[in-house]
Every structure is written in C-alpha cells, then in structure tokens.
Amino acid sequence: MRPFTFGQSTTPGYGELLEKIEILRSTLRWATRLEREEIQRLLGQCNALREDVMSLSRRERFVQSSAALEDLRAPPPEQAPTAEQRRAALLEREFTFDGVFGDNPKLLETLEIAEKAAPTDLPVLVRGESGTGKELLAKVVHTNGRRSQGPFVSVNCGAIPENLVESELFGHKKGAFTGAASDRKGKFESANLGTIFLDEIGELPLSGQVKLLRVLQSQEIQRVGSDSPIKIDARIVAATNRDLLAMVGTGQFREDLYYRLSVIEVTVPPLRERRDEIPLLIDFFCDAAAERLGRSPLRLSSRLRQFLLDYGFPGNIRELHNLIFRMSCLAGDTADLPHLPDALRSNPSSVRPSADAPLESEAPLSLSEVKKTAGDAAEKRFLEQGLREVNGRAVELARRQGMNRSHLQTLLKKHGLSAKAFRPKKA
Ligand SMILES: Nc1ncnc2c1ncn2[C@@H]1O[C@H](COP(=O)(O)OP(=O)(O)OP(=O)(O)O)[C@@H](O)[C@H]1O
Ligand SMILES: [Mg+2]
C-alpha cells in the first residue's frame, strides 16, 4: 500500500488515476485468454487503484473541510481576476509562448490549461479548426514542461501512407521489407525523453490506431523486422480538427485510444471567436514579415485594416499570416484592398455586415486620406445596397443611376465587388 501523507502526498491526481483505469480497461478489453498469473497481476493493479481512489477521496474530503473552515474565517472572496490580470499573471510566471496573445478570455483559458498540463506527463489532446495554432499550443506544453530540453518531434498522421505507418512511427530493421535498405529510427525513438506530437490523429488508419495503442500501453516499441523491444519515454500530445467522439460513434476511431489520448483536452478557439486579437496578430506578422523579407514593417490602409477586422477567416491564423506575408512581399510601403487575393475581394459573404464599426489602433492619417477613406467606404456601401436592390443585375443598377455601364464596372472592380454575388441563390 502507498504511504499516505497530507503534507506532501504521493497519491496521484484524478487525471493520473483516470489514465491508469484506461490502461487497465483496454488491457482487459483486448485480452482473449488470461492465465492465472496475469489475473493476479491485474487484480493487484485493481487493488492499488482502489487504494489510490480511497486516498484521493480522503484527501479531497480533508481539503474540502479545511477549505470550509477557511471560508468561515477568511474575508469575503476577492473578485475573479480580469482578463488583463490573467494575461499579466501568465507572463509573470515566465510562461513561454512563441506567438502573441491578448486579453481574449477563451484563449487565456486555453493557455492556462496548457500551462497547468505542461509539468505533468499526462497525454494532451489539442482540438481546433485548421490554422488555429494547435501545433503552437503543443509546443507550449512541451516548452513549459520538464522535457523542454528534450526533442519535440512532430508527426503528421494524415500524411503517412497506411503501409508505412508502423515503420514511420517505430522504425525498421534493414531488410524488413523491400526498400528498407538500412536500419532506421522511428519517430517514437527520436522523441525519447521529449515530446511526440501526433498531428491530425483523426486521419490515422484503424490499423495504425491499434499499433499506436499497444505502444502507449506498454511504453515500448519494436522496430519493424526486429524482436527486441525498446523502452520509450515520450510525452504524447495529439491534435485534431475532427470530432473524434463522433468518429468513435461511427467506428472510425477507437474508443480506447481516444480515452488514452484525451486525458487532458484543450481547444484552441477559431479566430472569429477572438477578433480582438486580430490587430495584435496583424502587427506581429507585419514585424515578422519585415524581418524575414528585410523590409520595413508593412502599413495597412484603413479600409484594408477594416476589411481584415471584419473578415471571417475560415483559414484562421494561418490565413491571416499568409495574407500579411503575401502583401509584405507585393505591396510597397502601404498595402490596400487591391493587394488582397482576388478570390477574397470578390466574396462579400466572407465579411461580417458591420463594416462601418469604429476603426481601432490604426496608423494616423492625413485629413485628405481620412476624407478619401470615408468617401470610398460610402461609395462601396452605396454600390452594395444598389446591387442588393436590383438582385445583382449591374445593367439595371447602371440604368437606375443614369451611369455609364463601364464606369459602374470600374467602380465594382475598385471595391472588389462582384455583381453575381448579389444574385439570389437558386433554391
Ligand atoms: N497566437 C499566435 N500568435 C502568432 N502566431 C500564431 C498564433 N497562433 C498561430 N500562429 C501561427 O499561425 C500558423 C498556424 O498555426 P499552427 O500550425 O500551430 O496551426 P494548426 O492548428 O496546427 O493548423 P493545421 O490544422 O492547419 O495544421 C503558424 O504559422 C503559427 O505560427
Ligand atoms: Mg497543424
């Protein structure tokens, strides 16, 4: 039995217990016949687990009752910290993050969970849409933990052909299959004493999932074509933009592997849910692009800045990153709407309707620039309204306004508007 002390308890936490239970569960699930000796061993594990649960619940009760006493004595609780205070606190704790973040509560929560998970060795599952920063977050877990000096090995599970999964992850011996010209280390061996990042885990074929599960349970690998097991000590962080639980429901993802990987689950919010970070990210990427391209940081015209503040960013932060790098390459000192890719300019549905929200944190403009910007914005709204009224028929709009058709086309082009986009959708 484990010693139980209140001061520096050796009792594991809930996460660790859950992990042990999952390991036991899947051992039992995959067992077809058990020898007496194996049953004894598993029973021993169950008893130890039971002991841990009892200790934990005793400790919880002790903590709860002492907290209740504290409550009676303590002054009324302080107000919950503001987002600004939470952000400052993260930075004060020397939290390492290779990007930029502001006061958005959703992102702060994500970073705080990652920070707490970092020093443990528990598996972490990072969820989020494409381009939201899942890999960056996986690095947060690695860099802020004990293994930061060890390797961080990233594997894109979606990019490995099914027949090469085993050799890619666990390595192979020379001659193990046609084309295996020499011994080769797999990703797990390369990640020893560090972190292995299993990106796009939802794309791993079922056969690969079984093999991965076995390795996670035994913490040892065998190179393809070899009989000798190799002990591996690698922390697992996985990421996905798919709904793994739904995939479990449809039999595309193994339930036991899901529970094994998702002891701590953390979600990176899409950019449209943290729009307040867009100005920060723009500045961050303008500086990064300037450094990379050896130029001065790009300035944005106010209408371009407004466009970016309103845009839906289906490709999330990666899309913003690519836009800024593209414009830093193509534009001179200041980028404007025409520097955006055509597809983006001609798709008004990608922009939120509040295009005339007040402008934030923009570079100071001269009076004539302010007038021109306001005039341009009014002209664009006028054209959009007109196109809506005539169901996207540019000829009709020109007729109503007594305007030359080709002049109207020039104006539409200038604002990146496509009359077609205003035609009613067919049922
Ligand atoms: N908060 C941030 N600050 C600065 N850059 C960021 C931030 N979040 C993400 N990025 C940048 O955005 C890009 C996409 O991030 P990342 O590769 O981590 O996303 P992902 O969720 O793994 O994407 P995918 O699902 O497409 O693989 C990277 O260039 C990354 O450096
Ligand atoms: Mg990624």
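Axes are lines fitted to C-alpha atoms, for helices over the stretch in contact, and angles run from 0 to 180 degrees between N-to-C directions. The structure is a predicted model, in which local features need pLDDT of at least 70, side-chain atom pairs count only at pLDDT 80 or more, and totals for chains, interfaces and linings use all residues. Residues are numbered from 1 along each chain as its sequence is written, while chains are lettered from A and ligands numbered from 1 in the order in which they are written.

The axes of H11 and H13 cross at roughly 45 degrees and come within 9 Å. H11 and H13 are therefore oblique to each other. Helices are DSSP runs (H or I, at least four residues), numbered from the N terminus. The crossing of H11 past H13 is right-handed (the near helix is turned clockwise from the far one by less than a right angle). On the H11 side, the contact (C-beta atoms, placed from the backbone, within 7 Å) includes Leu 281, Phe 285 and Ala 289. H13 contributes residues including Leu 320, Ile 324 and Phe 325. By class, this contact of H11 with H13 has 12 nonpolar, two polar and no charged residues. Ala, Val, Leu, Ile, Met, Phe, Trp, Tyr, Cys and Pro count as nonpolar, Asp, Glu, Lys and Arg as charged, and the others, Gly among them, as polar.

Both helices also reach ligand 1. H11 (278-293), H13 (316-330) and H5 (134-143) each supply at least two residues of its shell. The shell has 17 residues, of which Gly 99, Ser 130, Gly 133, Lys 134 and Glu 135 come nearest (near: C-beta atom, placed from the backbone, within 6 Å). Six residues of the shell are nonpolar, eight polar and three charged. Ligand 1 lies between domain 2 (83-269) and domain 3 (273-363), because both give residues to the shell. The domain bounds come from an automatic or database domain assignment.

Two further helix pairs were examined. H3 (residues 83-92) packs on H4 (residues 105-117) at about 30 degrees, with the axes 10 Å apart. H3 and H4 are therefore roughly parallel. Arg 86 and Leu 90 of H3 are among the residues that meet H4, whose partners include Leu 108 and Glu 112. The contact of H3 with H4 has five nonpolar, no polar and four charged residues. H16 (residues 394-401) and H17 (residues 405-414) pack at about 115 degrees, their axes 9 Å apart. H16 and H17 are therefore roughly perpendicular.

Notes. Angles under 35 degrees count as roughly parallel, over 145 as roughly antiparallel, 65 to 115 as roughly perpendicular and the rest as oblique. Two residues are in contact if their C-beta atoms, placed from the backbone, lie within 7 Å.
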